[in-house]
Amino acid sequence: MTLEGTNTYLYGSDPCAVIDPGSDDQDHLEAIRAAAGERGGIGLVLLTHSHGDHTAGADLLGAEVILPGEGEVHAGLRVLATPGHAEDHVCFLSNDRVCFSGDLVLGLGSTIVPPGGNSLAAFMGSLALLQAEEIELIAPGHGPWITDPAAKLAEYVEHRQMRERRLLAALGEGERSRAQLLATVWDDIPIELLPMAAMAMEAHLEKLEGEGRLPEDLEP
Ligand SMILES: [Zn+2]
């Protein structure tokens, strides 16, 4: 989801690194080139994950493109593997405590964690990783900067834990129908967002199953 477009960041100078170039729109790419020109050009293009709304313009900037792995350091940015929203998702941490968070944490709304590969358990682990870092500012892939990272991370954790508590409560009361579980646990969701909520629920069910906490007689 692009919301109101993907945020592109330039980091450092002589040359700078471009984080998540986003769309391949010519005007957008020209704006990146112009801004990078004032910083001594583009040395490197860094990606937070492989989704098209973050990567489409990457190969058009004439610099090496890297989607790095855990523990690597590029352009002075430390790489933290943060799977969940995407399996290959990473965050970049600067020495002055800025976190470029891609889609792990968004400036607006909640991030999507699609089911598959126990993604929600990975996502919760990724949030915990960030909570263990000293971060003063989160620069997300979409939406405005997050100036109170600890509060936002706690909110993200609590939101998923709230759904899990409610899901476990409904299961505990004997509910086994997926449609009923969705209606009960995601009862605050506008109807047009229910397909997304159904995906979120599958990710939750997968996590519970991985933890041995899912009843076996759940209806398909
Ligand atoms: Zn994404």
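**View 1. A154 is partly exposed, with a relative accessible area of 38%.** On this scale buried means under 20% relative accessible area, exposed means over 50%, and partly exposed covers what lies in between (1.4 Å probe, protein chains only). The model is predicted: local features need pLDDT of at least 70, side-chain atom pairs count only at pLDDT 80 or more, and totals for chains, interfaces and linings use all residues. Residues are numbered from 1 along each chain as its sequence is written, and side-chain values use heavy atoms, with hydrogens and water left out. A154 sits in helix α4. Helices (H or I, at least four residues) and strands (E, at least two) are DSSP runs, numbered from the N terminus. From A154 to A81 the C-alpha separation is 19 Å, and the two are 73 residues apart along the chain.

View 2. H49 lies in the loop between β3 (42-46) and α2 (52-55), and H85 in the loop between β6 (77-81) and β7 (90-93), so the pair ties together parts that are 36 residues apart in sequence. Both H49 and H85 are buried.

**View 3. The largest pocket holds about 540 Å³ of space.** A pocket is found on a 1 Å grid over the protein atoms alone, as an open set of points with protein on both sides within 12 Å along at least five of seven lines. A cavity, by contrast, is a set of points where a 1.4 Å probe fits but cannot get out. Lining residues have an atom within 4 Å of a point. Grid points are joined across faces, edges and corners, and a volume is the space filled by probe spheres set on the points. The lining of the largest pocket has 24 residues. S110, T111, I112, R160 and M196 lie nearest its centre. Helices α4 (149-172) and α6 (194-210) each supply at least two lining residues. α6 gives the most, with five. By class, the pocket lining has 13 nonpolar, seven polar and four charged residues. Ala, Val, Leu, Ile, Met, Phe, Trp, Tyr, Cys and Pro count as nonpolar, Asp, Glu, Lys and Arg as charged, and the others, Gly among them, as polar.

**View 4. One cavity of 30 Å³ or more is counted.** The largest cavity holds about 30 Å³ of space. Its lining is N7, Y9, I19, D20, T48, F100, G102, A139, P140 and G141. Strands β8 (98-102) and β9 (137-140) each supply at least two of the lining residues. The cavity lining has five nonpolar, four polar and one charged residues.

**View 5. The largest nonpolar core has 20 residues.** Such a core is a set of buried Ala, Val, Leu, Ile, Met, Phe, Trp, Tyr and Cys residues joined through side-chain atoms within 4.5 Å. C99, L104, V105, F123, L127, L130 and I138 touch the most other members. The elements giving two or more residues to this core are β7, α3 (119-131) and α4. α3 gives the most, with five.

**View 6. A128 is found in helix α3.** A128 is partly exposed, at 38% relative accessible area. A128 and R166 are 38 residues apart in sequence and 21 Å apart in space, C-alpha to C-alpha.

**View 7. D14 and P15 are joined by a cis peptide bond.** Omega is about -5°. Most residues other than glycine have a negative phi, and most peptide bonds are trans. P15 lies in the loop between β1 (9-11) and β2 (16-19), and D14 is in the loop between β1 and β2. Phi of D14 is positive, near 55°. D14 is exposed, with a relative accessible area of 64%.

**View 8. A75 has a positive phi, near 55°.** A75 is in the loop between β5 (73-74) and β6. With a relative accessible area of 44%, A75 is partly exposed.
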